[in-house]
Amino acid sequence: MSRELSYAEAIREAMDIALSEDERTILMGEDIGVYGGAFQVTGNLIDKYGPDRVMDTPISELGGAGVAVGAAMTGLRPIFEFQFSDFAALAMEQIVNQAAKVRYMLGGAVSIPLVMRFPAGSGTGAAAQHSQSLEAWLAHVPGLKVLQPTTPYDAKGLLLAAIDDPDPVMIFEHKLLYKMKGEVPEGRYTVPIGKAAVRRGGSDVTIVATSIMVHKALDAAKVLAESGIEAEVIDLRCIRPIDRETVLASVRKTARLVCVYEAVKTLGIGAEISAMVAESDAFDYLDGPIVRLGGAECPIPYNPDLEKAAVPQVPDIITAVRDLVEGRR
Amino acid sequence: MSDANDPWAIRNLTPETLRESLRKMYLIRKFEEGAEDSYTRGLIHGTMHLSIGQEASAVGACVGLSDSDKITSTHRGHGHCVAKGADMGRMFAEFFGKETGYCRGRGGSMHIADVEKGNLGANGIVGGGLPIAVGAALTAKRLNTGAVTVCFFGDGANNEGAFHEALNMAAVWKLPVVFFCENNRYGMSTSTERSTSVKQIADRAAGYSMPGVTVDGNDFSAVAHAMQTATDRAKAGEGPSLIESMTYRWRGHSKSDRNRYRTKDEIAEWMERDPIPRMAEMLIAHGILDADSVAAMEIAADRTIAEAIEFAANSPAPNVTDLTRDVYTRPLT
């Protein structure tokens, strides 16, 4: 039976399942209780599980993250919500120096089964400190896993996989996706961590995209198809670990690669994907240069036109692909 | 045969516990001296932070804890690890970077841990363990384990944001945690007078509505007494406490320290307040040990450390092919 939920509802349902299955699961975050979370993702879960398991924290990102690390180390399974991914900057010490490293530093004596959720991305008019895409920061750190679900189905399935995972998993959720509807099965299922999804098959060019850019790439692919260019769109879903095989197989087939991501272009996921291809046999298949489309080299601005210009849009993708396929790059 | 004027420890701890506590103080001292000597001889690389002079603080803080009670420790954490019951051989093996070490040679001095005994690990980040300790206390409260968490930190950490966030949350949620500050007067070279807005770090407790006491950290009995009060409160569900234990590190901050921020006289003055003879004299004065058995205890500690170093030296090194093992619980495919 098909049933539609929004991306936010799908996340809430995953947390509901986890809370109902395991007493050790707790939610922590700022205003996630009766307020329901800044983006209404936890919603009314506090009514069902109470304030001891849906815990409002003080506005203490560093301390709160550290409490979650300590709780995970000693037997709870916390799911920690950052109000905005930008606030991860306040908690980097606990995420990078503690959560990611304690297991290794202790020679495997402990695991940190911790999930952190980060509402991310631009497009809400919230300007420079509430709009960033910082996932590459965390993806640079061994010990963490970093996910970017793009559909309600994946939002639920990847979150449940993250909750089951014995290690810290960081999930970046694009704020503009929260209201997006999609088919979501009832009950428990998981989507494997570290596997990309081919969202559209094509033979002329591979577009590797993350987060909301997957949807923009699919929109672009539709337009490109009208003029006979068939783009294959890969939704990376997970940027640590990266599904190397899916990307390389597609590039071998299409001989062209465009990477599209919202985070600042320089030193981002596009560089990693490009290098991965360049270091592999797939490089020999390329018929043209690798193209990266990423965020502009500036903070996210407030003015709506500037804000749009700061991240790749559908026409940018269309132009880049067309230029590449038609040999103008 | 104790009376009300006797030290708290004499009145409240068994002779066996008191003897064991002195033994652990000797073990810490000898461990640190052995580690320093091994470092000088090139058997240990990296750096280390020695706690010689602070033994009463570590042992007094841990004397009332069971293995299910947790501690979080600091970069100056060897003493905490010994006090919580660690095996000297596995500790030295860690310092020697061996596979038999507590962290299989991956952590070294700054990350020494003994999870089975409740030591969640030393921490290389000043203040890093404070929120983690609150998290461990949250687990204890949520799962109703009855365990208490003791969070060791130094005077330097009291000016980190993590300290203030951790104390606030522990107080708001009434968690079973004891914040135990070893105030050895210097965060590396910067004195508390130059770095800290309050006269005593225990004064910070008022800002978080918890009891705060300052004790003589070189007096085992005073430390153990303050800890008992704090753990009783934690276990009764009344929330956290802050203890400030005034002590002193005889050695420099780390192996690179040239001691330019303090005087020889100051160091000498604190060496006269050595916590170990003080403890030994207390036990002798109350008939719990005689001078000969104290001497024998010290010799036994020397032997234990020599054997531990021997074990470490003869242990296998980690295999380089295992470099990335334990980054994740399940290896990435």
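1. Chain A is assigned two domains, domain 1 (4-183) and domain 2 (197-324); these bounds come from an automatic or database domain assignment. The model is predicted: local features need pLDDT of at least 70 and side-chain atom pairs count only at pLDDT 80 or more, while totals for chains, interfaces and linings use all residues. Residues are numbered from 1 along each chain as its sequence is written, with chains lettered from A and ligands numbered from 1 in the order in which they are written.

2. The C-alpha centres of domain 1 and domain 2 of chain A are 26 Å apart. Between them, 24 residues of domain 1 of chain A are in contact with 23 residues of domain 2 of chain A (C-beta atoms, placed from the backbone, within 7 Å).

3. Chain A and chain B also meet: the contact takes 36 residues from chain A and 35 residues from chain B. On the side of chain A that touches chain B, α3 (61-74), α4 (88-99) and α5 (102-105) each supply at least two residues, and α3(A) gives the largest share, ten residues. Helices here are DSSP runs (H or I, at least four residues), numbered from the N terminus.

4. The largest nonpolar core has 213 residues. Such a core is a set of buried Ala, Val, Leu, Ile, Met, Phe, Trp, Tyr and Cys residues joined through C-beta atoms within 7 Å, buried meaning that 20 or more other C-beta atoms lie within 10 Å of the residue's own. Ile207(A), Val258(A), Val321(A), Val134(B) and Val178(B) have the most contacts inside this core. At least three residues come from each of domain 1 (4-183) and domain 2 (197-324) of chain A.

How values were computed. Two residues are in contact if their C-beta atoms, placed from the backbone, lie within 7 Å. A residue is buried if 20 or more other C-beta atoms lie within 10 Å of its own, exposed if 12 or fewer, and partly exposed in between; C-beta atoms are placed from the backbone.
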